Amino acid sequence: MFVGRKEEGRAVLLSVRAGRGVVLVGPPGYGKSALLQELKPALEAWGVVVWTDKLAPFGAFLKDLFRGLWDARIPVEGVGISKDLEADLRTWGKRYPSNDEKAKSLVKALRAYAENGVNRAAVVVDDATGVQGSMVPWLVALAEVANLVLAAHPDTLKKANTKRLWMRLDRVDLPPLSPKESRALAEALVERYGVVAEDREVYLSRVVALSGGIPGEIERLVRYVSAEDIVRNRDVGTGYAEGLAQREERGVALAPILLVAGGVAIAARYLGLARGEMDLYVAGGLGIAAFVVLAPWLRKAVVAR
């Protein structure tokens with residue numbers, strides 16, 4: 001379901017058609033992905049669109065970008081375009097083994113495409129939250145040969161060593177939906193999910209009031225919370241954005257604990273080596289192995305939806 005966002009969508013399209021990149025800014029649940037999907041046909045009518053899901057990890061982003069260029073039949077130097085995408089991907093990986101070399105080859109391919117006199121390609125990234133300072137030089141280079149369209153949380157724009165990137169992009173902020181738009185979305189979702197409420201008018205008014213105009217929260221309330229609980233003003237659970245923020249906070253709180261545990265294991269290993277105590281040395285090694293294997297899984301489990 002998509003409702004509203006006409007001005008924001010128009011601003012994104014105007015930036016792209018003027019040959020500029022744009023960053024779409026909004027907290028979780030504000031409809032950044034939905035707006036990009038809604039704009040995709042209009043972007044494709046203007047030029048080639050290369051769609052990627054995330055910036056991080058950077059190596060995965062580069063592979064997605066290569067796949068997008070391959071689909072658009074935009075050649076990368078030294079790599080043919082055959083009928084087998086995976087074979088061409090392997091050839092590209094062997095010819096350009098490092099991420100820097102891969103990024104350079106993709107920038108060169110997009111530059112050659114832009115110099116053919118056609119509209120520049122639009123590189124859309126649905127989630128730019130994982131951007132790091134080390135990625136910025138290559139993203140700036142991409143912005144010079146293609147129209148970057150990024151979706152990001154407001155805090156992402158405050159990350160260290162990323163200002164150079166944001167300065168090159170137009171910014172479009174997503175505010176909450178208006179009460180009228182919120183109601184229209186709620187009504188559409190009620191029809192989609194077949195929600196039955198004893199007093200439909202009161203139910204819709206409560207959904208609009210509780211959601212605060214956040215599209216993701218409207219969908220959560222309509223889809224997952226009973227109409228009776230909403231009408232009777234019972235506990236309707238944690239809001240979409242609030243819940244995501246709490247999960248991220250738990251992940252951040254877990255990080256120091258994991259680092260300390262890893263440090264203890266490393267210290268035990270070296271202490272065992274220095275003293276010649278094999279048991280301590282082996283225990284430290286096992287601790288390091290457990291840290292390497294389990295740390296990413298534990299953090300993922302904590303912040304998982």
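# A guided reading of the predicted model

Of the 305 residues of the protein chain, 40% count as buried, where buried means under 20% relative accessible area, exposed means over 50%, and partly exposed lies in between (1.4 Å probe, protein chains only). This is a predicted model, in which local features need pLDDT of at least 70 and side-chain atom pairs count only at pLDDT 80 or more, while totals for chains, interfaces and linings use all residues. Residues are numbered from 1 along each chain as its sequence is written, and side-chain values use heavy atoms, with hydrogens and water left out.

The protein chain contains 13 helices and five strands. Helices (H or I, at least four residues) and strands (E, at least two) are DSSP runs, numbered from the N terminus. Among contacts in the protein chain with a separation of 6 or more, 67% come from residues 24 or more positions apart; contact means heavy atoms within 4.5 Å.

The strands provide a starting point. Strands of a sheet pair through backbone hydrogen bonds, either parallel or antiparallel. Here, five strands form an open sheet with parallel pairing, in the order β2-β3-β4-β1-β5; two strands pair if DSSP finds at least two bridges between them. Because β2 (49-54) and β5 (169-173) stand at the edges with a single partner strand each, one side of each has no neighbour in the sheet. The partner of β2 is considered next. Five bridges join β2 to the parallel strand β3 (residues 122-127), and Val-49 stands opposite Ala-122 in β3.

The loop between β2 and α3 holds Pro-57. A cis peptide bond, with omega about -5°, joins Ala-56 to Pro-57. Most residues other than glycine have a negative phi, and most peptide bonds are trans.

Arg-5, a residue other than glycine, has a positive phi near 65°; Arg-5 lies in the segment before α1 (6-17) and is buried, with a relative accessible area of 6%. For Asn-161, phi is likewise positive, near 65°. Asn-161 is placed in the loop between β4 (147-152) and α7 (163-166) and counts as exposed at 65% relative accessibility.

The aromatic side chains come next. A pair of aromatic rings is described by the distance of the centres and the angle of the planes. Rings of Phe, Tyr and Trp (its six-membered ring) pair if their centres lie within 6.5 Å; planes under 30 degrees apart count as stacked, over 60 as edge-to-face, and the rest as tilted. By this rule there are two aromatic pairs. Phe-58 and Phe-61 form a stacked pair, 5.8 Å centre to centre and with 25° between the planes. Both residues lie in helix α3 (residues 58-71), three residues apart, about one turn of the helix, and Phe-58 and Phe-61 are both buried. The rings of Phe-66 and Trp-92 are stacked because their centres are 4.6 Å apart and their planes stand at 15°. Since Phe-66 belongs to helix α3 and Trp-92 to helix α4 (residues 85-95), this pair ties together parts that are 26 residues apart in sequence. Phe-66 is buried at 3% relative accessible area, and Trp-92 is buried at 1%.

Aromatic rings also meet charged groups. A charge sits over a ring if NZ of Lys or CZ of Arg is within 6 Å of the ring centre and within 35 degrees of the ring normal. The charged end of Lys-40 sits over the ring of Trp-51, 5.1 Å from its centre, and Arg-73 lies over the face of Trp-70, 4.7 Å from the ring centre.
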